[in-house]
Amino acid sequence: MSRRWLAGDFSDVEPRQELPLLLDVVRQACADEVDLRAFFVGLAARDPVAAAEVVAGHRAVAHPRAVRDALPAVVGLEKVVRPTGLYDRLVRLVPETAPEVLALAIQRHAEAGWLVALCQRVEAVPGTALLAATRHTEHWQAALDNCAAAGLTEALARAAVEEPVLEPLLASVRAMGPWNALPVAVATAHAHPSLPVVEAVAALIGPRVEPWATALQQAVSAASPPAG
Amino acid sequence: MSEALLYRAPGPWPFLGAFAGRAGHLAFAGRVSGSLAIAHGRAREVELALARIEPGERRQVLTRAWEALRALDVDGLSVLLVSRDAAGVGISGVGLRSLWAAGQGPPRTYLPSDHPLFGPPGLSEQRPGALTVAQAPPALVGTVEPCDALPDGLDVLRRDCGVWP
């Protein structure tokens, strides 16, 4: 029975009636370092409610393998558990695999507002993974806007340094106003001196930016010269 | 002294080439066209030029302002000029599509849409005319696009005109 289940075959069972047994299989497989991917994918296809209970329920096995091998089954799991709750539960269940869970959440829900809270739970600099993963994709602007709305200036500043573009700064200014966005502006201007930072901000928020532009200039001057 | 404001334009750069300021008895707000860097630089030149206008009789102040602007030869100029002296207020402009009175209750249209003050951007051979009134509202708001309504509340309106606290 266990071998068929590990192969993803649940044709002869009502999974909801065998939850303790299913959890035992997961526990044992984790202990024996047995691959559980087919098990979770098959279970989610047969009965996503039971699969969600095994993967993320209150008795779920808190082991990196259990979480990691359950990730290919999220398509099925998301049919019965709201993504925001599912990914949050997986992140809390096993912190060690949280970056992988976050990466999958980003891959599947790059523009979701709740991703920012997940980033804040997982990352030392929240938003970094989201902005890196969505760069050069159609989701980047939404990711920038969500990070800016949450005030994730450090991640936005890092994104601004990565390449000479104004989008991280403009999203920050729109969401936070020019003064709160100043760290992003400093990072942008420092890393890419040729970008028209002041001109862009003035075109975005209005012409009376002189005090802000002075503060920017002072901060950039105080910073060390950009590498390279 | 009435404040001169220019309402944000539609599009991703609502204040591209925008300028604003006050000098003596002249308040002004406007914009010039051009790329991000060029329009910004030209707008600063306009600000500097208008900031140097000497105080005087309100129509004379407007005349000096127009001469200063003509000397700059900027592209796509839209501007609202408001001058004041002891006798009253002078209002002039180009490139405006509507003019609103603000600061005393909800904004209301200040001039009918067919008023000669309104027209396309840019200076023509003839100097723009001026409207003289005894008193003006706390703020006059010009728009460069047709506009049916402006937000209520002077703080919100000022921010939409690019004036931050």
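Biologist: How do you know that strand E6 of chain B and E7(B) pair, and in which sense do they do so?

Modeller: Keeping in mind that this is a predicted model, strand E6 of chain B, residues 98-102, and E7(B) share 2 bridges in the antiparallel sense; pairing requires at least two bridges, so the two strands count as paired. Across this pairing, B:Trp100 stands opposite B:Thr109 in E7(B).

Biologist: What makes strand E1 and strand E7 of chain B edge strands?

Modeller: The open sheet in chain B has 4 strands in the order E1-E9-E6-E7, with mixed pairing. Strand E1 (3-6) and strand E7 (108-109) each pair on one side only, and that makes them the edge strands.

Biologist: Why is A:Gln141 called partly exposed?

Modeller: A:Gln141, which lies in helix H11 (residues 140-149) of chain A, has a relative accessibility of 30%. Buried would need a value under 20% and exposed a value over 50%, so A:Gln141, lying in between, is partly exposed.

Biologist: Which residues is A:Gln141 in contact with, leaving aside its neighbours within four places in sequence?

Modeller: Those residues are A:Glu167, A:Ala171 and A:Arg174, and contact here means that heavy atoms come within 4.5 Å.

Biologist: Which residues of helix H3 of chain A are called buried, and what do they pack against?

Modeller: In helix H3 (residues 37-46), the residues A:Phe39, A:Phe40, A:Gly42, A:Leu43 and A:Ala44 are buried. The buried residues of H3(A) pack against helices H1, H2, H4, H5 and H6 of chain A.

Terms used
Residues numbered from 1 in each chain as written. Chains lettered and ligands numbered in written order. Predicted model: local features only at pLDDT ≥ 70, side-chain atom pairs only at ≥ 80, totals over all residues. Heavy atoms only, no water. Buried < 20%, exposed > 50% of the residue type's maximum accessible area, 1.4 Å probe, protein only.
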